[in-house]
Amino acid sequence: MNLLKRKFVFLSLLTALTVLWSGPSWAADLYLRGYLETDLRMAIGGKKDRPPGVDEYRFLRNENTARITTSMGTGDVQAVFDGSIVYEGFPRATTMQGLTNREDVDPVRMESEALYLEIFDFLPSVDLRLGRQVMKWGSADIFNPTSVLNPYDLEDPIKFGEAIATEMATMRWSAPWYIEGKDEAIFEELSLTLAAVPIFRPGMLPDSALYAFTESTVFERYANTQTLLDLIQLQKAYEDGGGNILFDLGVEPPDTSLKNMQYGARVGWTLLGIDMGLMAYQGFDDIARAERVNANAPRRDPNSLSESAGKALTGIPDPLQDIDATMEVVNTIPSYEGYDVLTEIQLTFPRVQVIGADFSASLESLGGLGVWAEAAMTFHDALYRSIRYADYPYYIEREANKDAFVKVTAGMDYSITNWWYTNIQYVHGFVDEFGKENLKDYIVAGADFKLFQEKVLVRLFGISQLQDKSFLLFPQLTLDYWQDTKIALGGLVFGGAADSKFGGRETGSNTIFLRGRYSF
Amino acid sequence: MRFLFASFLICALTLSSSEANAAPDPALEGLLKTGAEALLKEVDKRSFPFETQILRVRMTMFGGADKGRQLEMTTHIKGLNKRAIAFHKPADLKGMRVVIKGRNDIKVRVPELNKVRKVASHARRQSFYGTDWSFDDMTMLQLSPDFSPKVLKQTEKDVILELTKKEGADLSYAKLTVYVDKATITAHKIEYFDDSGKIIREQVRSELTTMPAGHKAFKKVVMYDKTRDHKTIVDLLKDESNTDIPDSTFSRRWLVRGP
């Protein structure tokens with residue numbers, strides 16, 4: 001963040017606070033809440049698939065955050081700002097020049113969850129919201145396949161399920177009528193929400209997600225065609241021979257033309273106490289896929305002193321035509337030391353159409369058991385991938401036919417006692433999974449134990465993939481002994497084989513964390 | 001699930017009445033002749049004599065590790081069934097809103113999740129943010145639908161009713177003892193008993209005050225939890241009656257508004 005931006009951030013906050021404390025007659029229309037949070041995390045090792053050269057015990061995060069949510073306005077107009085300043089805690093200065101730069105020595109960034117203008121009764125019973133916002137749809141917990149307007153923020157595994165605010169225009173009509181029954185309304189809460197998102201925003205990924213494209217063993221699990229698997233086999237041979245494997249990952253989001261605008265609509269209602277909804281969306285999947293792969297032939301390090309510096313190794317047959325012939329030649333070369341093997345990958349976001357439905361209800365015959373289900377069917381065009389090895393012609397492969405797939409989340413929750421809450425969900429299709437062939441099944445389950453007059457919360461949650469039996473455990477102890485203050489100690493523990501969903505290195509390290517938050 | 005309790009407070013705090021410690025209400029004799037059921041229904045009726053009401057209350061907790069922890073909220077009320085609650089304290093609940101339209105129709109908006117959720121009725125088993133109010137307390141807006149009363153005894157000041165849970169009533173209390181003030185026909189003390197007949201809670205209402213709108217209300221309610229030696233004091237901070245509250249306040253539309 002440059003100096004100008006930093007100044008803007010602080011000026012914004014100062015302005016907000018000054019206005020709030022100045023106490024004019026219209027101060028009643030101002031609203032403020034927020035928190036100060038400190039978050040320290042450490043990798044604790046123990047994961048089977050740890051990246052080479054990385055310390056087992058290391059600090060992963062050392063952030064201090066100030067977040068402010070404020071709104072102002074009169075009558076039917078409201079302006080909302082929700083933003084955070086995050087001091088990252090890891091100096092980035094690696095040069096002498098960097099040591100003279102405050103942004104490198106003490107990095108800080110700004111995040112914003114909301115920045116919008118809202119007009120109530122813009123039209124009769126219609127509320128209009130313009131600007132940066134999060135529009136969550138669906139009835140399930142965390143895993144909402146129908147919530148597609150905002151991309152997932154997967155950068156922080158502990159805050160899994162959060163969304164990134166997106167600039168959009170939304171309009172919501174709420175029916176001003178209902179059908180009254182004897183004890184409760186038979187039909188009510190009919191609403192229609194329309195949303196238009198001009199500019200596509202991709203999902204935010206954790207650092208460890210890079211392994212999915214830069215580590216051949218991890219990439220292999222995501223390779224969904226034989227051609228990619230052949231290339232990975234070739235890459236492994238170069239790697240085993242001492243070659244220096246390099247990657248150049250490029251991302252190509254949809255351009256900003258009108259045809260790439262995203263649209264969404266949702267109709268919701270309550271019938272006999274059951275909340276229901278139908279939705280539709282046209283836009284893009286927010287998790288990137290590899291659309292173009294250029295695998296270069298091994299090339300001598302350009303800085304080497306040898307005569308062949310910078311020259312590519314020739315005479316290797318095109319692996320996309322005959323991998324066996326290629327491997328035969330490659331295996332005759334005793335060493336690739338001193339060679340760079342560069343693979344260029346271009347990532348894109350597939351265009352999709354989504355329709356979905358959800359419901360939630362309370363089953364009185366089962367003691368008030370809470371139940372919900374949510375399903376979304378995603379339609380996508382045929383997906384093609386261009387692959388080239390060295391200077392051979394491009395090979396175009398069909399990654400997937402024009403098809404559709406369904407993601408489902410269904411769950412229930414129950415309070416066994418006044419201090420013991422449980423929640424279990426079945427999830428078909430994790431947030432990063434795309435395509436009919438790639439959807440797996442998961443059980444997400446957990447419990448909250450509120451102890452010592454709710455001063456202590458023990459939370460035990462976990463996710464397990466049913467196919468590869470890998471799992472994620474998320475135990476947490478939260479102390480709430482002080483007014484407006486919470487201290488949380490917890491961990492994130494992955495289990496499973498090195499090539500499994502949660503055991504793989506792309507999901508990150510086993511972690512312990514200590515967080516403190518003061519809310520105001 | 002922390003919100004239901006507020007709806008109960010509406011009943012607890014807002015009680016129209018005549019002067020306390022004065023002569024018995026003229027209607028009392030007739031009600032007693034008709035029977036305990038009629039008296040309990042009158043107590044229910046007097047607990048909320050308005051079309052609409054806006055209340056702001058503060059709860060302060062004492063006992064154990066609690067040395068004055070506070071909650072604060074504003075409740076919009078329309079009729080006997082509709083409640084819309086906005087939390088102001090503690091800070092981590094600020095921005096949370098709840099709409100209640102019956103014991104099994106509860107929706108909550110948790111700002112941190114950016115989402116409105118239907119709350120299943122099992123949540124009534126949960127306590128409310130460490131307070132001494134159970135969710136069953138909160139859903140007991142009126143006592144006569146769930147309990148059968150009989151007159152236990154009379155004192156100079158009170159008619160003491162014993163309330164037994166009706167068959168099919170989904171509540172965790174087997175029995176209540178309600179102290180009805182003869183002068184006001186309002187309940188100023190309630191004792192709660194479990195299935196074994198053991199007293200587990202006691203609610204005491206005090207500071208009957210004439211509000212600006214002309215009606216009277218208890219400005220202080222204390223709930224004692226006998227099982228853990230803990231109490232919650234509820235103070236009435238603001239009371240507006242018969243103000244215009246649109247129906248849309250008790251809907252998902254109100255919940256999703258604002259930050």
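**Exercise 1. Work out how much of chain B is buried and what elements chain B is built from.**

Solution. Begin with the burial count: in this predicted model, buried residues account for 51% of the 259 residues in chain B. Next, go through the secondary structure, where chain B turns out to have five helices and 13 strands. Finally, take the contacts in chain B between residues at least 6 apart in sequence, of which 54% join residues at least 24 apart.

**Exercise 2. Find the residues at the centre of the largest nonpolar core, and name the elements that supply this core.**

Solution. The largest nonpolar core holds 33 residues, and those touching the most other members are Val57(B), Met73(B), Ile85(B), Val98(B) and Val99(B). Turning to the elements of chain B, at least two residues of this core come from each of S1 (52-63), S2, S3 (82-89), S4 (97-101), S5 (106-110), S12 (216-225), S13 (230-241) and H5. The largest share, five residues, is supplied by S12(B). A second, separate core has 26 residues, including Ala114(A), Trp137(A), Leu154(A) and Ala375(A). As a general background to this exercise, nonpolar side chains in soluble globular proteins tend to be buried together.

**Exercise 3. Describe the side of chain B that touches chain A.**

Solution. Start with the residues on each side: 36 residues of chain B are in contact with 41 residues of chain A. Then assign the chain B side to its elements, where strand S2 (66-78), strand S6 (115-118) and helix H5 (252-256) each give two or more residues, and S2(B) gives the largest share with three residues.

**Exercise 4. Decide whether helices H6 and H7 of chain A are roughly parallel or roughly antiparallel, and list the residues through which they meet.**

Solution. Helix H6 (residues 226-240) and helix H7 (residues 323-330) of chain A pack at an angle of about 5°, and their axes are 11 Å apart. Because angles under 35 degrees count as roughly parallel, H6(A) is roughly parallel to H7(A). On the H6(A) side the meeting residues are Asp230(A), Gln233(A), Leu234(A) and Ala237(A), while H7(A) contributes Ile323(A), Thr326(A), Met327(A) and Val330(A). Sorted by class, this contact of H6(A) with H7(A) consists of five nonpolar, two polar and one charged residues.

Note on methods. Residues numbered from 1 in each chain as written. Chains lettered and ligands numbered in written order. Predicted model: local features only at pLDDT ≥ 70, side-chain atom pairs only at ≥ 80, totals over all residues. Axes fitted to C-alpha atoms, helices over the stretch in contact; angles between N-to-C directions. Helix = DSSP H or I, 4+ residues; strand = E, 2+ residues; numbered from the N terminus. Parallel < 35°, antiparallel > 145°, perpendicular 65-115°, else oblique. Contact = placed C-beta atoms within 7 Å. Nonpolar A, V, L, I, M, F, W, Y, C, P; charged D, E, K, R; others polar. Core = buried A, V, L, I, M, F, W, Y, C linked by C-beta atoms within 7 Å. Buried ≥ 20, exposed ≤ 12 C-beta atoms within 10 Å, placed from the backbone.
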